[in-house]
Amino acid sequence: MTTLIREKRFDEERALYNLQDARLEKCDFSGPADGESVLKEARNIEVSDCTFSLRYPMWHVKTFLLENSSMDEQTRAPIWYAEDGTISRCKIYGVKAIKECKNIRLDDCDIRSDEFGWKSSEISMKDSRIESEYLFLDSRDVQLENVEMTGKYSFQYMENLTVENCKLDTKDAFWHSRNVTVRDCLVKGEYLAWFSDGLTLINCTISGTQPFCYCQNLKLVNCKMEDADLAFEYSDVDADIIGHVDSVKNPRSGVITLDSVGEIIKEAPVMPCTGQVVIR
């Protein structure tokens, strides 16, 4: 039987520790006691229309639903080591949300959280907005669909990432990543994807200086590149680019096909560079 907890306020340390088989509605997790870890080790819970303003509220939680709720800036590191959860229509503004978690689905969320999604696996995010300086560092098996993202050092050291119909406004994205597919996206950044292995971009518009250097198994299919100079240095690349690229420098191997290029730079490479640039 599910226990219903409704319109209550909790602010003490571990106030609902190891809560099981319960639904919480319109509860407020804040107050003068300023207690941490209010729902730590909870099992099989639903949290709906609740507000959080205490640190570490949902650590080690398993099998949970969090919906129509908000976690403010005081809700530091709100969800760590959690498994098998759905987060829907929530506002999450606490730093370091979602760390070392597994099988978490986020839908229609508004997120402002630096260091979001670190060292996690089986994470999906759909129809959401997120601001995060370091997003999904060293995570595995992640899917993003229809997400508007703003950040800096995003998707570093990731493996098995799929990004579809997203707008990414970032900087050093995809560094050291492996097995990443980006489809039908706007990708704005600087120094994109250095040292990546197995990155594929399909039907994307890509902008920013010095993209795609030191890459292995890089593939671009039907993509556009804007304000992209010194691209593809020391990379193994197969690229089909629509339109113009400002400059291409010392591609290590492969073929880059495009409509026009401002400059092809072949100067003092530190390794053999046999990559070709083919103008249609």
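A residue counts as buried when its relative accessible area is under 20%. By that cut-off, 49% of the 280 residues of this protein are buried. The model is a predicted one. It has 25 strands and zero helices.

**Overall build**

- The C-alpha trace spans about 70 × 30 × 30 Å along its principal axes.
- The protein exposes about 12400 Å², and carbon and sulfur atoms supply 41% of that area.
- Take the contacts between residues at least 6 apart in sequence: 5% of them join residues at least 24 apart.

**The nonpolar core**

- The largest nonpolar core contains 78 residues.
- Phe-29, Ile-87, Phe-212, Leu-220 and Phe-232 have the most contacts inside this core.
- Leu-220 touches two of those residues, Phe-212 and Phe-232.
- Other residues that Leu-220 touches include Leu-201, Ile-206 and Met-225.
- Leu-220 also touches Asp-238, Ala-239, Asp-240 and Ile-241; these contacts leave out residues up to four places away in sequence.

- Strand S21 covers residues 236–242.
- Val-237, Ala-239 and Ile-241 make up its covered face.
- Asp-236, Asp-238, Asp-240 and Ile-242 make up its uncovered face.
- Strand S20, residues 218–226, runs parallel to S21 and is joined to it by five bridges.
- Cys-223 stands opposite Ile-241 of S21.
- Strand S23, residues 253–258, also pairs with S21 in the parallel sense, over five bridges.
- Asp-236 has Ser-253 in S23 as its bridge partner.

**Aromatic rings**

- The whole structure holds 18 aromatic pairs.
- Trp-118 and Tyr-134 form an edge-to-face pair because their planes stand at 75 degrees, with ring centres 6.2 Å apart; the cut-off for edge-to-face is over 60 degrees.
- This pair links distant parts of the chain, with its two residues 16 residues apart.
- Trp-118 lies in the loop between strand S11 (110–112) and strand S12 (121–135), while Tyr-134 lies in S12.
- Trp-118 has a relative accessible area of 16%, so it is buried.
- Tyr-134 is at 31% relative accessibility, so it counts as partly exposed.
- Tyr-191 and Trp-194 also pair edge-to-face, at 6.1 Å centre to centre and 90 degrees between the planes.
- Tyr-191 counts as partly exposed because its relative accessibility is 27%.
- Trp-194 counts as buried because its relative accessibility is 15%.
- Tyr-191 and Trp-194 belong to one aromatic cluster, together with Trp-175, Phe-195, Tyr-214 and Tyr-234.

**A charge over a ring**

- Arg-112 places its charged end over the ring of Tyr-93.
- The distance from that charged end to the ring centre is 3.8 Å.

**Positive phi values**

- Most residues other than glycine have a negative phi.
- Arg-14 is not a glycine, yet its phi is positive, at about 50 degrees.
- Arg-14 sits in the loop between strand S1 (3–6) and strand S2 (20–25).
- Arg-14 counts as partly exposed because its relative accessibility is 38%.
- Ala-268 is another residue other than glycine with a positive phi, near 40 degrees.
- The loop that holds Ala-268 lies between strand S24 (260–265) and strand S25 (276–279).
- Ala-268 counts as exposed because its relative accessibility is 72%.

Conventions. Residues numbered from 1 in each chain as written. Predicted model: local features only at pLDDT ≥ 70, side-chain atom pairs only at ≥ 80, totals over all residues. Heavy atoms only, no water. Phe/Tyr/Trp six-rings, centres within 6.5 Å; stacked < 30°, edge-to-face > 60°. Helix = DSSP H or I, 4+ residues; strand = E, 2+ residues; numbered from the N terminus. Buried < 20%, exposed > 50% of the residue type's maximum accessible area, 1.4 Å probe, protein only. Lys NZ or Arg CZ within 6 Å of the ring centre and 35° of its normal. Pairing = 2+ DSSP bridges. Core = buried A, V, L, I, M, F, W, Y, C linked by side-chain atoms within 4.5 Å. Contact = heavy atoms within 4.5 Å. Areas by Shrake-Rupley, 256 points an atom, 1.4 Å probe, with all protein chains shown as cover.
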